[in-house]
Structures are given as structure tokens and as C-alpha cells.
Amino acid sequence: MRATRHNGRAGSYGVFNPKHNDREFDLDNNPDINPEMTPYNIYWNCFQGFTTHKDKGKNWMNFHEVELNYYRLHFSDWLDDQNERHVKAGHKNRVKEMEQIVSNRQRCPEETIYQIGNMEETIDYEILAKIVSETIQEINNRYGQYVTTLTWGLHVDEKTPHIHERHVFHSPNEKGFDMPVQDKTLEMMGFELPDKTKPRDKFNNRKVSYDEACRKIFLECCRKNGLEIEAVPIYGGRKHLEKAEFINSQINLKNQALIIENGKLLFDNDKLKEKQSELENKIADEETLVKNITDIAYEKACTVLVDEIVEKSNIEEMTQIKKLRNWISSDKCKAPKKSKQFAIAQFDLLDSLIKKAKQNIVSRIKATLASPEKKEALVKEINDKAKPSIIALLNQHKTKVNDNKPDKKHKHSISEVEL
């Protein structure tokens, strides 16, 4: 059986997120995690000690809070001094918050994955927890002045039990301010290059020597607990890593990064859905408003406009009939008196017939306009032509309303001062 101990700070998706380690994310969309086993995960942090996932209370600090609080307690003097120098030098853009330091690739905590065996052959997770606890304790006994274990989480809800442990290297600068830094700290701890005859590079540096020392502690704790562990390196020229260890750790790290990325994508997808819903509601509201306006306009057209047209037509016709009647009644018309009386009577009859005919025509016009088929076609045509103008007017009104609102930025600045 082989034991895996692999380190890293960041991958292709950025710095490793401690939220994966204490399951501070949505578990429902992660098929590699068995939610029935998650309650039995074991967590530890440097402020509160041990707990299980199911026993986390309201006061339990998540791993990100632990790291941020530790950095603020121990590295604030260093950061304040550094920011002050940047300001004095006229480089305010270089001023950093502690949040930025704890997520910086060079300054963030380093993460170590501990695993014994693989999916085909492993050990009970309680034994793994005991071995890793002893390993971390021994590392702290030897190097605790310069290396602080911040958190670790034992995952029993994945295919193979394993532990994510996070720690920070720290040492004082020339002013005595403790700062998160790796290589300078390892130098102060007395670690040398594995091969002093060769230049410092990715595989020949103080960190390799430190990892080798920690790995020996890990293997020794395994043996003390009765495990037969293969310790002979088999991965080519990189003697400080075993092939199986490297492959397994890479799979774990990639899996962690994919889970985090999946969470981000799900979050972004929810935001997009929310935005789409808002836009659809907005469009639906505008469509409904325009439709209501169009319906009202159409109804008015079917009543008021038709009646108005008929009324004007009646006035015009009555005027013409009245002119003819007056002409026949006048001396200009040379027709006999009886003929004139007959003609005037006919004009009165014609006026009455025209009024009745118009009433019938108006009724038929209104009935036609009110029919569902005709109304739908005409309303659609009105809607298409009127919609741009109505929306433009609405936007103008919104702009006027917003212009008359109090200045939000000013109001916000006042709130900040009050706080």
C-alpha cells in the first residue's frame, strides 16, 4: 500500500478554495460526493479544535473565516507597514486588503492532501485521521515556530478517504513583523537544496527538502500504527515523489478544482436565469401595457370615432337638404306651388330614410369591428405601430422620475460616515 502526501496552492482555476474542504457549498450538484456520508466528515481548525460536519453549530467558523482571522491576527502589522510604504512612495494602487493577501498565490496557505491506498484498497477513515493527526502534531513539534497548521478536513464522502490540510509559512522581516512567506522561512528553518551542486529550480529547492522531511514523518506514523507502506520512490528522476502518489494527488486536485468550478458555473447559471426572468417579466409587462392601451384605443375607436363620423356626415347631409328645400321654397324656383309642396314633402321623407339607413350602417360597422377575427387583426396592426412610441414615452417618463430622485451616491457616502 502506498501513502500519498502532495502539496499545492493553486491550479488552473486559481488558488485552492477552502470551501471545498469544509463543504461550504451546494452538495446537491456534485455527483462525486455521497451526501449520506458527509455528516461523518471530520474538521479541525486552529481556533476551535475538532468537530464533525453534522455537529457544526452556529458558532463554528468556516475554514475561510479561520484563515482570514489568523492572517489578521498575525500579519496585520506587516501589511499595515507595507501599505504605508506604498502610500508614501505614491503607489496607492499597490495597497492591499488582508482578503487579497490570503488569496494571493504567493501568500495564501499551502494545501496538503493525505491519502493512504486508493479506491481498490484503503484503510478505515478513523485510522487515517489518527495517523494524520499524529503526523501534523509531530510537524508542529519540529517546525511550529515557522509553520502553523490552520485547518484540516477528513472527507469520508468521496470514493477514497483523504484529508485536506492547510498551513502557512511565516517568519519576521527586518522590522520584526511576522509575514506569510515560504522560501525565506525555509531558509531560516535551516533547509538546504537537495542537491547543492546544482542550481535552484522547480525540483531542487528548499521546499523539496522540507516536503521530504514531512513525508518521512508521515511514513513513520503509518508504520507506528501497523501499516506496511511502500516507501521506495518510483517516479522517474523526481525522487521526492512517488508515481502513484503524484497521479492520485493530481486526480484529487483536479477533482477539487472541477467541483469548485462547477459551483461557480451553477451560481452564474442561477444569476443568468434570474436575469432572464427579470427581462421576460419586463417584456411581458410592456407587452401587457401596450396591449391594454391598444384594446382601450380600439374600443374607443369603435364607439366614439364611428359615432363622430356619422354625426359629421349627418350635419353635412342635413345642410345640403336644407339648401335644396330653401331653394325650392324661394321665388327663384319657378315650379308650381303644388309641385314645390310635393318636393318639400319628399325631402322630409328622404331625410328620414337617410337617418334610418345610417343607423343600420353604423350598427353593421360596429358589429364588424367588434367581431373577434376583425378585432384581433386590427388590434395587432395598431399594437405593432403604436408599441415603439408607447415604450419611448415610458422610458422618457422613467428618466424624468430617476432625475428627480435623491443622489444615491451621496446618500451612500453619508451612510458610510455614519457607520
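Begin by selecting helix 5, which is mostly covered, with 14 of its 19 residues buried. Buried denotes under 20% relative accessible area, exposed over 50% and partly exposed in between, with a 1.4 Å probe and protein chains only; helices (H or I, at least four residues) and strands (E, at least two) are DSSP runs numbered from the N terminus. The model is predicted: local features need pLDDT of at least 70 and side-chain atom pairs count only at pLDDT 80 or more, while totals for chains, interfaces and linings use all residues. Residues are numbered from 1 along each chain as its sequence is written, and side-chain values use heavy atoms, with hydrogens and water left out.

Display the C-alpha trace of residues 206-224: helix 5 reaches 28 Å from its first C-alpha to its last, close to the 27 Å expected at 1.5 Å a residue, the expected span being 1.5 Å times one less than the number of residues. At the start of helix 5, a side-chain oxygen of Asn205 reaches to within 3.0 Å of the backbone nitrogen of Lys207. After the helix comes Gly226, with a positive phi near 85°.

Next, select the aromatic residues. The whole structure holds 9 aromatic pairs; rings of Phe, Tyr and Trp (its six-membered ring) pair if their centres lie within 6.5 Å, and planes under 30 degrees apart count as stacked, over 60 as edge-to-face and the rest as tilted. The ring centres of Tyr143 and Tyr210 are 5.4 Å apart with planes at 65°, so this pair is edge-to-face. Because Tyr143 belongs to helix 3 (residues 125-143) and Tyr210 to helix 5, the pair ties together parts 67 residues apart in sequence. Tyr210 is buried at 1% relative accessible area. The rings of Phe191 and Tyr210 are also edge-to-face, with centres 5.5 Å apart and planes at 85°. Phe191 lies in the loop between helix 4 (183-188) and helix 5.

Now select the cysteines. The structure contains 0 disulfides, a disulfide being a pair of cysteine sulfur atoms within 2.5 Å. For Cys221, the nearest cysteine sulfur, that of Cys222, is 7.2 Å away. Cys221 is buried at 6% relative accessibility, and Cys214 is buried at 0%.

Finally, select strand 4 (residues 42-45) and strand 5 (residues 49-52), which run antiparallel and are joined by 4 bridges; strands pair if DSSP finds at least two bridges between them. A hairpin connects strand 4 to strand 5 through 3 residues. Tyr43 has Thr51 in strand 5 as its bridge partner.

Terms used
A polar contact is a pair of N or O atoms within 3.5 Å; within protein, one must be able to donate a hydrogen and the other to accept it, and residues adjacent in sequence count only if both atoms are side-chain atoms.
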